[in-house]
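Have the viewer open as you read.

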Amino acid sequence: MLLPTYSGTLEPYRLQGDPLTPRAPSVPFTRTAFAAAHVVSDPLAERAPWQGRPAVDWDSTLKFRHYLWDQGLGLAEAMDTAQRGMGVDWATAKELIERTMIEAKAHPLAPRVACGAGTDQVPLDELRDADAIIAAYEEQMAAIEAARGQIILMATRALPAIGADAETYARVYGHLLSQAKDPVILHWLGDMFDPALSGYWGSADVAVASDAVLAIIEAHAAKVDGIKISLLDQAHEEAFRVRLPEDVRLYTGDDFNYAPLIEGDGAHHSHALLGIFAAIAPAAAQALEALAQGDPQTYHALLAPTVPLSREIFKAPTQFYKAGIAFLAWLNGAQDHFIMPGGFQSAREITHYAEVFRLADQARLLARPDLADARMRVLLGLHGIDGG
């Protein structure tokens with residue numbers, strides 16, 4: 001097949017076609033691992049894709065979640081990977097959470113499911129103060145608790161929008177944590193994932209912001225399961241996790257450096273809450289199994305080829321990574337089309353998709369090579385490229 005390259009040429013590529021086989025783990029994992037999953041659109045039911053609620057293919061969406069659970073992974077539901085605030089509204093996210101929790105309760109492996117609570121049901125210009133932001137969060141928290149999901153307090157665009165200082169963050173999060181029935185997961189998403197989150201925790205200085213959120217955690221440690229950090233900064237994450245209270249976990253959201261962070265340094269390690277884990281599920285699950293068996297060599301052998309793939313999917317502008325996740329699901333037959341809510345598949349260029357195709361093959365993550373080959377050729381043709 002002829003594939004485009006970043007140098008502007010077409011170069012031949014031959015599939016190696018040696019995929020990993022998804023399977024259940026043989027031992028319990030020693031790390032908690034949440035895979036953040038996307039939403040599968042229903043293009044036949046879609047109307048006015050840029051306006052209103054997206055049409056969701058619920059059967060395919062839930063089937064993909066079973067695929068993750070069957071391999072021993074937990075699920076981070078209705079997060080930014082599911083295009084929250086970028087095509088998926090709160091009404092759709094609420095229905096997604098409710099449907100997912102029904103399925104999870106019936107699954108034989110009793111998977112952990114944590115669900116994103118935010119403020120996106122209220123227009124940003126109506127969230128003018130801390131009280132309005134608290135009320136918006138509480139509505140979503142109540143819906144998640146009613147569905148019996150664990151709460152992830154997603155970072156909200158509303159706090160940076162009102163120029164909130166550290167004291168305001170402490171007030172908002174302190175109130176929300178005191179209201180939560182069970183320990184929640186906090187969420188620190190860097191501005192590379194969402195530019196509107198710049199200056200979260202009250203400062204653009206990461207060291208100052210770290211002190212602010214650590215003070216919140218220390219004041220409410222009994223209500224904090226952990227914090228998910230997505231700053232793509234391994235050194236910061238390693239220094240931050242040392243400072244956490246003993247029973248509070250760090251969930252890495254670092255889609256560039258997850259392998260060493262999850263393995264740890266012997267004294268501390270990170271758990272996982274990662275969008276890339278949905279795309280690399282067989283490699284991630286089997287690597288975690290190897291780590292639990294005391295086999296770091298196999299752990300790294302499985303994950304090392306996935307890192308170039310993850311770095312390509314999460315390249316700048318990083319917020320468009322969702323397109324690569326859905327693209328791999330299409331190549332692997334998890335959905336019948338490459339259509340996303342809001343037409344988000346157009347967020348990346350054909351050269352990117354060609355590179356994802358190559359790297360996924362090299363990481364043994366094209367589950368059905370013949371199907372992936374055929375679908376890649378269709379996409380090339382739509383871009384005026386004869387794949388040969």
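What follows goes from the whole chain to two of its residues.

## Ground rules

This is a predicted model, so to speak with conditions attached: local features need pLDDT of at least 70, side-chain atom pairs count only at pLDDT 80 or more, and totals for chains, interfaces and linings use all residues. Residues are numbered from 1 along each chain as its sequence is written, and side-chain values use heavy atoms, with hydrogens and water left out.

## The chain as a whole

The chain carries 15 helices and 10 strands (DSSP runs numbered from the N terminus, H or I of at least four residues for helices and E of at least two for strands). Its radius of gyration is 20 Å, close to the 21 Å from the globule rule for 388 residues, so the chain is as compact as a globular protein of that length. That radius is taken over C-alpha atoms, and the rule is 2.2 Å times the number of residues to the power 0.38. Along the principal axes, the C-alpha atoms fill a box of roughly 60 × 50 × 45 Å.

Of the 388 residues, 56% are buried (under 20% relative accessible area; exposed is over 50%, partly exposed in between, with a 1.4 Å probe and protein chains only). Among contacts (heavy atoms within 4.5 Å) with a separation of 6 or more, 72% join residues 24 or more positions apart.

## Arg 84

Arg 84 sits in the loop between β4 (74-77) and α2 (90-106). Is it buried or exposed? Arg 84 is buried, at a relative accessible area of 7%.

Its side chain makes a polar contact with the side chain of Asp 120 at 2.7 Å (a pair of N or O atoms within 3.5 Å; within protein, one must be able to donate a hydrogen and the other to accept it, and residues adjacent in sequence count only if both atoms are side-chain atoms). A polar atom of the Arg 84 side chain also lies 3.0 Å from the backbone oxygen of Gly 116. Not counting residues up to four places away in sequence, Arg 84 touches several others, including Trp 90, Gln 140 and Met 154.

## Arg 368

Arg 368 is in the loop between α14 (350-362) and α15 (369-382). With 46% relative accessibility, Arg 368 counts as partly exposed.

Leaving aside neighbours within four places in sequence, Arg 368 is in contact with Leu 331, Asn 332 and Gly 333. Its C-alpha atom is 8.1 Å from that of Gly 17, a residue 351 positions away along the chain.
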